[in-house]
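Opening the notebook on a new model today.

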Amino acid sequence: MTGLLLISSSLIALLGLTLLMLARIEPGHRHIGDWGWSHICLAGGLALGVALVPPDVHSLHYRAQATVAVVLTLASIAFELSGAARYVGRPWRWRRAAPLFALALVLILAPALLDPRYGVRVAAAILTLGAWTAAAWLWRAGDGPERFVAALFIGSGLVHLSGPLLDPLARSAITHVLGTYLHSVLAMSLILLSVRRAHQATTTMQGRLHQLYEQSVQGMLVVRDQRILFANPAVRRIFGVETTPDEVDRSRYLSGDAAAAAAERHRQLLAGERDGVEWEADIRRRDGRVIHLRGHSSAIDWPDGRAVLELMLDDTERQQARLALERQALHDELTNLPNRHAAMARLDALTAQGEPFAVVSADLDRFQLVNESLGHEFGDALLRAVAERLRAALPPEALLARLGEDQFMAVLPGVASAAQVEQARQQWRSYFDEPFVVAGRPVFVHVSCGLACYPEHGPDGAALLSAADVAMHRAKQQAGTTVLAYAPEMIQRARARLDIEQALGAAIAAEEFFLEYQPKFAARSRQLAGFEALVRWQRPGVGRVSPADFIPAAELTGQIGALGELVLRIALRDMAAWQRDGAQLLPVAINVSPLQFRDPQLAEVILREAVAHGIEPRWLDVEVTETAAIGHLDQVLPQLAQLRAAQVGVSFDDFGTGQSSLTLLRRLPISTLKLDRSMIDPLPEPKAGAVVRAACVLGQSLALQIVAEGVETEVQAAESERLGCTHLQGFLLSRPLSASAAQALLTGPSPRPS
């Protein structure tokens, strides 16, 4: 009997090992391993608890062996239930099941230690309960094969129950013969059931994979030795062929470079030199349309050897969008010329080559006037016409670009010598000799151009363009179409202007300015009659800055108003100091910029400051240029009238240099007419004298004082007096004086020129 039991247990264990081997083949199906361990544990429990049980049921050996047998038996039930739960998809947690099996262990061991027959009965009941629970799970969740296995689990439970019924210690031959047969069938059924489940999973996965590569928009191509082994529908759609992979003959669609690159790529992959390759290529479909592919190639195992798997996408739309964005980023849409970014990249590339070339920066003069008068559409058409003419005139190797609204740039390779530069200058002038015809209308365009050469004028593209721009801005100071070659002193002057503009605001705030006073004398008597306040800038660390530099800078930067107020305050402070020291005041003239009259409160500011410093307005004189009077007449007239009403003198400065009319002289509320030095310098030439005489007669008829400016010789002074000038001013009589020197001149006896 013992031998039969051991044979039965061994057979069950062998079937369990078979299940474990199958589990190693299919690691994703964990229920197979659970059922394998269930059979092995059951075989161990039967061998130790029934076949090899010691005769002395009260010995320590018996108790230890019985405990191990019970543990193995419960483990068998646990693995049986675990496998069934995992097979049908029920949740299974060993931590949750452990307390139940610990309780079952106590329920079996406790009566077994008292009497083995009781332990056998409890164990049989628990084994039956476990088998029938597994049967219930399989029956409800499965179809025919699962229900057949469920019936075997039910039969297994009945065999377990038959053990104590046929023999108190479950050693009946009938029980073990039936058990061996039933568990053998059950093990084989579980093997077949597991194989069936694994096959179903594989079939399902294959179906899903088939759907993936059949429905994928990504092309999948397997190639070996330029022969197509597999092509999914996406590849056939990409290449524009029919349904058979043989039609995807890539040699018909790849160009020479692309075919060579593909061949080299495949060689490297098959030789193991590379793991994977990202690639892009243009191919020609069967219908002749060129598309852009983006793909990845890698080596794979394929029947009959290694092959190359190519994954590819039709990336034509994205490529076209990228190229459009690149074009938009590097081209000007209006003129279809390269833009600033493309031009700078070309300049950098040329400087890297080291060959000489020239850069021309060209800016259309007064283009805004075209937009304002004829409309922006006309202006755009004009820009296109300029671009077309320049593009047609320039040599093929030249680069023409549009840098801004009305600024163009040209790169002229090979221009190096002075003769070539001069030739380029003349050519650029000739491009604009003829009018441009826009919308049937001829339009003459003047342009200011600057020309810079590599490497003489800059080591890189940015420096060259900057030099050309500097020359172009200098050209704008001349009338008509002008082309100037860059010279180093241009950038020095530009930097000096920028430096002055940047420092001007802080200098005004720090009051780095002071005044010098140019005396004015009465004609014939040569008695001191007043002063003209001249602003000076003593810049710390730099020295004296010329008014010809900082006055235009103040006007360009909008700081002339603040500077004018500072000059007024300094003059009034000096006059107040002279007055406190007992000097008899004489009128002091202050120059007012045309831009200051944009402030409608200018007259009120002058009068308010005079009152604040204790100076009567009659001791002030405001000098106005012809430019201010003509260009801002509506703003100037009411303010001059307000000043004259307060007894402030008004001088019409630099008369004779502008376009003054007799009507303007009549309308302006002026008290003094100052003849520019350009009228006095030629004296005593007869024609110059005639002009000065006419001006004096005109001034006398309007009851104006007439001041001759720039008197530097006695001949000029005498002739000015003879012709009718009432006052003289110039270096002959006195140079500009400091505030203290002017005060000394005021306090001296009967001040006369030194």
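What covers the buried residues of α19? I found that the cover includes α18 (560-580), β16 (588-592), β17 (620-625) and α21 (633-645), going by contacts, meaning heavy atoms within 4.5 Å. Helices (H or I, at least four residues) and strands (E, at least two) are DSSP runs, numbered from the N terminus.

Ground rules next. This is a predicted model, where local features need pLDDT of at least 70, side-chain atom pairs count only at pLDDT 80 or more, and totals for chains, interfaces and linings use all residues. Residues are numbered from 1 along each chain as its sequence is written, and side-chain values use heavy atoms, leaving out hydrogens and water.

Back to α19, residues 602-612: I listed Leu602, Ala603, Val605, Ile606, Leu607 and Ala610 as buried, i.e. under 20% relative accessible area with a 1.4 Å probe, protein chains only.

Gly89 follows α3, with a positive phi near 85°.

Then the whole chain. I count 26 helices and 21 strands. The radius of gyration is 55 Å, whereas a compact globule of 754 residues would have one near 27 Å; it is taken over C-alpha atoms, and the globule rule is 2.2 Å times the number of residues to the power 0.38. The C-alpha box is roughly 160 × 70 × 40 Å along the principal axes. Of the 754 residues, 48% count as buried.

How values were computed. Buried < 20%, exposed > 50% of the residue type's maximum accessible area, 1.4 Å probe, protein only.
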